[in-house]
Amino acid sequence: MNDIEERIDHLLGQMTLEEKIGQLNQPMIHGLPGLDLLRQGKAGSIINAFGALSGQGFDHLSSAEACNTLQKAALESRLGIPLLFGRDIIHGQRTVFPIPLAQAASFNPTLVEQINRVAAREASAVGIRWTFAPMLDIARDARWGRIAEGYGEDPYLTARMAEAAARGFQGDDVSQPDRLVACAKHYVGYGAAEGGRDYEQAEISEPTLRDVYLPPFRAAVAAGVGTVMSAFLDLNGVPATANRRLLTDILRGEWGFDGFVVSDWESIGELAQHGVAEDRAQAAALALHAGVDMDMVSGAYQETLAENLRCGRISDAELDTAVRRVLRIKHRAGIFERPFTDPERASRDILTAEARDLARQAARETMVLLKNDRNLLPLRDMRRILVAGPFVHATAELFGTWTMDGRAEDVVPLDQAFRQIAPTGVELWFAATPDLALSRAHYADAVILLMGEHPARSGENANVSDLNLPPGQLEWITAVAGIGKPTVLVVFAGRPLAITRAIAQVQAAIYAWHPGLEGAAALAEILFGLAAPSGRLPVSMPRATGQAPIYYARKPSGRPLREDGPFRTRYVDLPTVPLYPFGYGLTYTRFSYSDLRISSQRMRDTLTVSALITNVGERAGTEVVQLYIRDLVGSLTRPIRELKGFQRMTLQPGESRRVQFTLREEDLAFTRADGSWGAEPGRFKVWIAPHCEAGLEGEFML
Ligand code: NOJ
């Protein structure tokens, strides 16, 4: 038995029942009166939050000094067990990076790792040692506001980002004082909420659960993520917070997870609302038995576990197991050795020049060029440019959801950033209202329209029933584009919006997501050609709300989508295919794909697939080369394409490079008709492709 486990045994042997239950309790602290609670050992963790959307009105808690005050009280408790401070550090702390969905568009796990490395350094400088991130919920319905917080629709891409995020937060050694314990959330199926309504139930079949929703969590566990959060939702009739099969049999039994599980906010108490528990006591027993170790905020563990134990509803062993897991992560995080945070760190570690540079790079790599007729972009030879739309003076509006520690004053306002970056000689005019925009457009050589969603319109519980641009924006675009000047549309958003009618009226369009505090400068660099866009869509972009849910890895159907003829799967009033497919994105040069080679016609353990990629344009550029497969016949129907690899590569004009992928038998595996997991012999298609609807196609056998 290793040292940590021995120390835990020793501690457990000394703990009273009350102290054990205390370790499983995560309250909010409303200022100093909470100190008594800590001195009595009645909290294992503090959530540095105030209100269900943490971050409202508790700035006094977000400093090393505040955490140290609370920690001191905890250390004055009988056994002096230190607290673990948790907070939602979702896409940066003070240095706000692009939202996670945008990060996914980079197809660059190294970037995601670096982002979270910075986030960990900043958050730990103010005493936080645990983040409730990454969110790994597969999201295929953009009405769901939390699509902004995850990595999109695809399990493979999300799994790669999950590993990168866990590495970025935790590093090789999470006990280093500038690291955060990560939390893979929301386990599991939360993104499949019916109708895109947050907190709503989902029905997910076992093969889909195992092949689509679970793999990112499995990847995070394999990467050593310290904690997992149980989701709010009712999944197939069993609320995730009471689901022993998921939380114990699969997570711990099959995957060997040995960290702890925290509930989501009050989700233990909510088991009574779900109607699977009579009262809070039964709810607490159900959750503990399922495998939820820590109670975020509901207080049900604190109030009822002692009585539950007395009446035999839970056992000593169950309780001890939960406490052991919490203590294990505290030990791994090194907080027994270093419970306090050096208050000097904040001035050194927060919002450094390197962090800003990384935020700029991230914003550049995440914006997606959707349209560029006659190479309007980058803008050249334009003297007077009108920049119009609700975002022209944006600062914190560029942040996106969950940016509790970001500050508007850290942002160079968009109009100023544009002025700094536009080439000399270019005159920029700004118009924040449609009438001013219209009157100016007549005299401009080009128009840039900055449209999209306010951050408050995405994120938790910010669902929409209509994926169109917010009210009035399409009319604004139509009116200005009608003047007939070359027009660029830029969309800031936390979700893929249905911009079909807007984009048809402009010559160029950039999807900028919510790009963070360097977003305006990065956008200006792209518009004026100092940088080239390289983002690719991590979600299918819908044509209209009615297409939701929409994703590329669909099953073929007996009457496939794309074949002509009557009675094929379709809408009477709309094409079935998305406006832009998963993986799509342009840049300022073009690439050709040629000479697909497959190492053998039959896979034995592995197979290599390669192709020649050539930059056939006139400037350097970055391509995201994607590998897809299709299993043509299976014991269960198989998706028409599945992403199995991607590589970013930068090529000079005229340069060619051979991209090579290795496929292993396990890449072909899935949950088969008999419930087992593995590959089935037969024919497979393979593509090396610029997005999910194109590419060089080959075949092989297994
Ligand atoms: C509720 C959210 O669902 C979860 O993602 C978040 O981490 C907690 N609140 C804590 O703020």
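How many Å separate an oxygen atom of the ligand from an N or O atom in the side chain of D88? The gap is 2.5 Å in this predicted model. The close-ups below start there.

**View 1. The ligand and the residues around it.** Count the residues surrounding the ligand and you get 15. D88, R146, K185, H186 and D264 are the closest of them. Sorted by class, the shell holds five charged residues, two polar ones and eight nonpolar ones.

View 2. Zoom in on D88, R146 and D264, which are among the closest residues to the ligand. A side-chain N or O atom of D88 sits 2.5 Å from a ligand oxygen. For D264, the distance from a side-chain N or O atom to an oxygen of the ligand is 2.5 Å. With R146, a ligand oxygen is 2.6 Å from an N or O atom of the side chain. As for cover, the ligand on its own has 290 Å² of accessible area, and the protein covers 100% of that.

**View 3. C67 and its nearest cysteine sulfur.** C67 is in no disulfide, and you'd have to go 18 Å to reach the nearest cysteine sulfur, which belongs to C183. For context, a disulfide is a covalent bond that joins the sulfur atoms of two cysteines.

**View 4. Two cysteines, buried or exposed?** C67 counts as buried because its relative accessibility is 1%, under the 20% cut-off. C692 comes in at 8% relative accessibility, so this cysteine counts as buried too.

Technical notes. Residues numbered from 1 in each chain as written. Predicted model: local features only at pLDDT ≥ 70, side-chain atom pairs only at ≥ 80, totals over all residues. Heavy atoms only, no water. Near = heavy atom within 4 Å. Polar contact = N/O pair within 3.5 Å; in protein donor to acceptor, adjacent residues only side chain to side chain. Areas by Shrake-Rupley, 256 points an atom, 1.4 Å probe, with all protein chains shown as cover. Nonpolar A, V, L, I, M, F, W, Y, C, P; charged D, E, K, R; others polar. Disulfide = S-S within 2.5 Å. Buried < 20%, exposed > 50% of the residue type's maximum accessible area, 1.4 Å probe, protein only.
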